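Hi,

Here is the structure I said I'd pass on. Have a look at it first, then read on for what turned up.

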Amino acid sequence: MVQVAFLGLGNMGAGMASNLISKGKLDPPLLLWNRSTAKAEAFAEGKSVTVASSIEEAVSKADIIFSCISNDAAVESVYDIALKIPDGVKGKVFAECSTIHPDTTRGLETATKAAGAEFVASPVFGAPAMADAGMLVFVLAGSKSGIESIKPYLDGVMGRLTIDLSDDHDVGKALTLKVIGNTIILGMVESLSEGHVLAEKTGLGTANFEKFIAALFGQSPYLPYSKRLTTGDYVRESPLFNAKLAAKDAGHALSLAKASGASIPIVEICAEHLKGVQEELGDKGDIASIYGVVRQKAGLPFIEKK
C-alpha cells in the first residue's frame, strides 16, 4: 500500500485532490493538509479523505507527497517544516506542482535530497476547470524513480498528458518551461483585450470580433477567454486566475529574461496592467481583468455596462 498526501487546496489543488480521490485508486485514502483546517474538513466531507492537522502529520505518514501552493515563500515554508520532521523523510517522494521560480525549485531539490528524499518538479498547465476535469498537463523533471512513482496518479487521473524533461538533470527546466508557457497565456489575454477594445472603439463591435476568434481559434483557449471578456466575466467575486498570482508569474518571467539577456515587452506591458487590476479590484482581480485596464486606457469604463 502506498500512502499519498496532498498539500494545498487552492483553485488548482482542490480539483487535483478531487481527481486523486475519485480516480487514483488510493489505498489507504488520501491524506490531505491545507493551511485552513476548516477548509480541508469542508472539502473532505463525504469523501474518502483523512485530514491531517499539520504538515508534519501529513508528510510523516505519506510515501508520496504532492503539493500545489500559491507562491515561492509559501512553498519554501512548507518544505522547511516537512524536511525537519524528527523521524526523517528518507525514501519519500515529493512532487512539487506549484508555479515557482526555477531557482526556488533547484533549492528545494537540493534540500530534499540532503534530507534523503526524492524530488520531482511537476508544475501543471491548465485552468481550474481543467484541474476539476482531470485535464491538466504535467511537466516533469527530477528523480527518474520518483517520476515513475507518481506517474500512476497523473495521466488519466489528475492530467491528460505529461511533458517529460527527466533526461535533463536540471529540475529548474520544468519551471522555466512553466514560466515561459504562462507568458503565452498572459499575451493571449492582453491581445484579446486590445482587440476587443479596438473593435469597440472603431465601431466594428466586440460581437463581430468574437466571430473571428471563434472561426480561427475556436478549439483553443482563446474563445473561452474571449467570452469571459464579452460577457463581463472578467470581474468576479472569486477569481479563476488571481491577478496577484499572474503578477508573480510575470515577475518570474521578467527575472528569467533579465538574467538571460532576452526581451519580453508583452510581459512588461502585462505586468503593468496587472498592477492596475490590483489597484482597481484588490484580491478580486483576475488575469482576465486586464481587459478593464485596457478599456480604461481607451477612455472606456473598467466594467462594461450590459
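A quick word on naming: helices (H or I, at least four residues) and strands (E, at least two) are DSSP runs, numbered from the N terminus. Bear in mind that this is a predicted model, where local features need pLDDT of at least 70 and side-chain atom pairs count only at pLDDT 80 or more, while totals for chains, interfaces and linings use all residues. Residues are numbered from 1 along each chain as its sequence is written, and side-chain values use heavy atoms, with hydrogens and water left out.

Salt bridges

The structure holds 18 salt bridges, each being a side-chain nitrogen of Lys or Arg within 4 Å of a carboxyl oxygen of Asp or Glu. One of them joins Lys113 to Glu109 at 3.5 Å, N to O. Both residues sit in helix α5 (residues 102-114), 4 residues apart, about one turn of the helix. Lys113 is exposed at 54% relative accessible area, whereas Glu109 is buried at 13% (buried is under 20%, exposed over 50%, partly exposed in between, with a 1.4 Å probe and protein chains only).

Lys61 and Glu57 also pair up, at 3.3 Å from N to O. These two are in helix α3 (residues 55-61), and because they are 4 residues apart, about one helical turn separates them.

The salt bridge between Lys151 and Asp164 has its closest N and O atoms 3.9 Å apart. This pair links distant parts of the chain, 13 residues apart: Lys151 is in the loop between α7 (144-150) and β9 (159-164), and Asp164 is in strand β9. Lys151 is partly exposed, with a relative accessible area of 31%, and Asp164 is partly exposed too, with 38%. There is also a network of salt bridges that links Arg228, Asp233, Arg236 and Asp286.

The largest pocket

For the pocket search, a 1 Å grid was laid over the protein atoms alone; a pocket is an open set of points where a 1.4 Å probe fits, with protein on both sides within 12 Å along at least five of seven lines, and lining residues have an atom within 4 Å of a point. The largest pocket has a volume of about 1400 Å³, the volume being the space filled by probe spheres set on the points, which are joined across faces, edges and corners. Its lining has 45 residues, and the closest to the centre are Met12, Gly126, Ala127, Pro128 and Leu240. Elements that give two or more residues to this lining are α1 (11-23), β7 (124-125), α6 (128-132), α8 (172-202), α10 (222-230) and α11 (243-260). Of these, α8 gives the most, with 6 residues.

On the surface

Leu198, in helix α8, is exposed at 55% relative accessibility. Its C-alpha is 9.5 Å from that of Phe209, 11 residues apart in sequence. Ala38, in helix α2 (residues 37-44), is exposed as well, at 53%. Ala38 and Ala127 are 89 residues apart in sequence and 25 Å apart in space, C-alpha to C-alpha.

Cheers
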